[in-house]
Amino acid sequence: MAAPSASIAVANATWEQIKSSRSVSDDHLSILHFLFGKNLERATRIVDQGGVRRVSGAPSGRSLFLVVGESKRKEEYICFPENHCTCYSFFYDIVNWGEQLCCKHQIAARLAEAVGALTEVEVSDEQLALMLAKL
């Protein structure tokens, strides 16, 4: 696999192309599958099932994503697509071992945002702060 920084640059460019066209081409899928492998497939299932919400605080406009996991418990993970996710995979596969570029929840959040397949929720900045305090 390419160096992580090169892979991240390719992924970011691909996300921007998807976002500008609001659709995913076969070429986009090929690139993303090469970069993310099985995590892309899992992320697309999450998006297809409507498992991504963007929660925005008012009046600040700050936001985070809540992404549903695939377990039977349907846990929601707080996700910042480019930086962090509260799932176990993020800690073990990305932070601890460096085996992946990002987890399936981060991919799902980026994909859902790029194609507009997410639910928008607005809360007060205080409510958003309380959500973040749980991190």
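## Basis

Residues are numbered from 1 along each chain as its sequence is written, and side-chain values use heavy atoms, without hydrogens or water. In this predicted model, local features need pLDDT of at least 70 and side-chain atom pairs count only at pLDDT 80 or more, while totals for chains, interfaces and linings use all residues.

## Aromatic pairs

A pair of aromatic rings is described by the distance of the centres and the angle of the planes. Here, rings of Phe, Tyr and Trp (its six-membered ring) pair if their centres lie within 6.5 Å; planes under 30 degrees apart are stacked, over 60 edge-to-face, and the rest tilted. By this rule there are two aromatic pairs. Trp-15 and Phe-36 have ring centres 6.4 Å apart and planes at 25°, so they are stacked. This pair links distant parts of the chain: Trp-15 sits in helix α1 (residues 4-21) and Phe-36 in helix α2 (residues 26-36), 21 residues apart. Helices (H or I, at least four residues) and strands (E, at least two) are DSSP runs, numbered from the N terminus.

Buried means under 20% relative accessible area, exposed over 50%, and partly exposed in between (1.4 Å probe, protein chains only). Trp-15 is buried at 3%. Phe-36 is buried at 5%. The other pair, Phe-91 and Tyr-92, is edge-to-face, with 5.0 Å between centres and 80° between planes. Phe-91 is partly exposed at 46%, and Tyr-92 is partly exposed at 44%.

## Nonpolar cores

A nonpolar core is a set of buried Ala, Val, Leu, Ile, Met, Phe, Trp, Tyr and Cys residues joined through side-chain atoms within 4.5 Å. The largest core has 28 residues; Trp-15, Phe-36, Val-52 and Val-67 touch the most other members. At least two residues each come from α1, α2, α3 (38-48), β2 (63-68), β3 (76-80), α4 (88-96) and α5. Helix α5 gives the largest share, six residues.

Apart from this core lies another, of seven residues, including Val-55, Leu-66, Val-123 and Met-131.

His-28, Leu-32, Leu-35 and Phe-36 are buried in α2. They lie on the same side of α2, because they cover an arc of only 80° around the axis. The arc is that of the directions from the helix axis to the C-beta atoms. An α-helix has 3.6 residues a turn, so residues three or four places apart point the same way. On the other side of α2, Asp-26, Asp-27 and Phe-34 are exposed. Gly-37 follows α2 and has a positive phi, near 55°.

His-28, in helix α2, is buried at 10% relative accessible area. Its side chain reaches the backbone nitrogen of Ser-25 at 3.0 Å. Contact means heavy atoms within 4.5 Å. Beyond neighbours within four places in sequence, His-28 contacts Thr-14, Gln-17, Ile-18 and Ser-23.

Gln-106 belongs to helix α5 (residues 104-115). Gln-106 is buried, at 3%. Its side chain reaches the backbone oxygen of Pro-81 at 3.2 Å. Not counting residues up to four places away in sequence, Gln-106 touches several residues, among them Cys-79, Phe-80, Glu-82, Phe-90 and Ile-94.

Key
A polar contact is a pair of N or O atoms within 3.5 Å; within protein, one must be able to donate a hydrogen and the other to accept it, and residues adjacent in sequence count only if both atoms are side-chain atoms.
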